[in-house]
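Here is a short report on one protein chain. Please read it alongside the sequence and the model.

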Amino acid sequence: MKKKLTRFDFQNMKEAGEKVTWITAYDYSTAMFAEKAGMDMLLVGDSLGMCIYGYDGTIPVTMDQCIVHSEAVRRAAPNTFIVGDMPFLSYQVSVEDAVLNAGRFYKEAGVDAIKLEGGKRVCPQIEAISDGGMLVIGHIGLTPQSSGQLGGFKAQGLTVDSAEALIEDAIAIQEAGAFALLVEAVPPEVCKIIRDTLTIPVYSIGAGVDADGQLMICHDVLGIFQAFTPKFVKRYAEIGDQIESVFKEYVADVRGGAFPEDQHTYRMLKGEEEKLQIRLA
Ligand code: KIV
């Protein structure tokens, strides 16, 4: 049976140079396949707002939505380390909110850690959640919840000032007590500096190979999310196209009478049809 990893395993993997594999999952089936595939970590990301609910971004996502999806993922992947993603306004308003909402992920969905976006400005929240006995992963670089302030879904750390600010944020997040950090859409050279500077694991989504592990959004990797594809995504399949063609075939079969066939139907017991005809005559 697969062994669920702990924060100490992730720390040891960093020190041994072993990469952590991490993908988002929002539902039972995907999480089950991820666990079967031996994924180290799952993120119930607030990207579910786009991938599952069809919102333009992550801003409308609520705590209740995140909890429901985290519960399903937990049921499917009991032996995988699961991270709940704190949605917009679940931690920005106050430290108290942050601790209570992080606690909801633990109490109601049984997650192993939570993730929240932001640098120095969310360090009081990271400290308070960690003091509450929970595990926090920081998230810097392209932070979708504040994409308006960033001028859109844009890569970060492209200039010396921006790179320096990211490095300072990374150090502050580690000092606040986060056990790991996610860096999104940042040049690999900046991610490498952060990875080499911090003692905690540093994971990349679109920040190059010099990280302690990689995260991808499952709907991107599978080719299910088709609205747009960020530069950093590798699409391993076009499952969306496959789903469409299967649905088309099904529609054609039903309309043309090719489905269902005899093998897909139940038959009355021997002699019962004749008895029914007599009764109805
Ligand atoms: O919600 C999510 O999937 C995320 C990734 C974009 C990092 O936070």
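The model is a predicted one.

## Packing of α2 and α4

Helix α2 covers residues 28-36, and helix α4 covers residues 63-76. Their axes come within 8 Å and cross at roughly 40°. That angle makes α2 oblique to α4, because angles under 35 degrees count as roughly parallel and the roughly perpendicular range is 65 to 115. The crossing of the two helices, α2 and α4, is right-handed.

Which residues of α2 and α4 meet? From α2 come Tyr28, Ala31, Met32 and Glu35. From α4 come Ala72, Val73, Arg75 and Ala76. Sorted by class, this contact of α2 with α4 has 6 nonpolar and 2 charged residues, with no polar ones.

## Histidine 219

Histidine 219 sits in helix α10, which spans residues 218-221. Is histidine 219 buried or exposed? Its relative accessible area is 8%. The cut-off for buried is under 20%, so histidine 219 counts as buried.

What does histidine 219 touch, leaving aside neighbours within four places in sequence? Its contacts are Tyr26, Cys51, Ile52, Ile224 and Phe225.

Notes: Residues numbered from 1 in each chain as written. Predicted model: local features only at pLDDT ≥ 70, side-chain atom pairs only at ≥ 80, totals over all residues. Heavy atoms only, no water. Helix = DSSP H or I, 4+ residues; strand = E, 2+ residues; numbered from the N terminus. Buried < 20%, exposed > 50% of the residue type's maximum accessible area, 1.4 Å probe, protein only. Contact = heavy atoms within 4.5 Å. Axes fitted to C-alpha atoms, helices over the stretch in contact; angles between N-to-C directions. Parallel < 35°, antiparallel > 145°, perpendicular 65-115°, else oblique. Left-handed = near helix turned anticlockwise from the far one by under 90°. Nonpolar A, V, L, I, M, F, W, Y, C, P; charged D, E, K, R; others polar.
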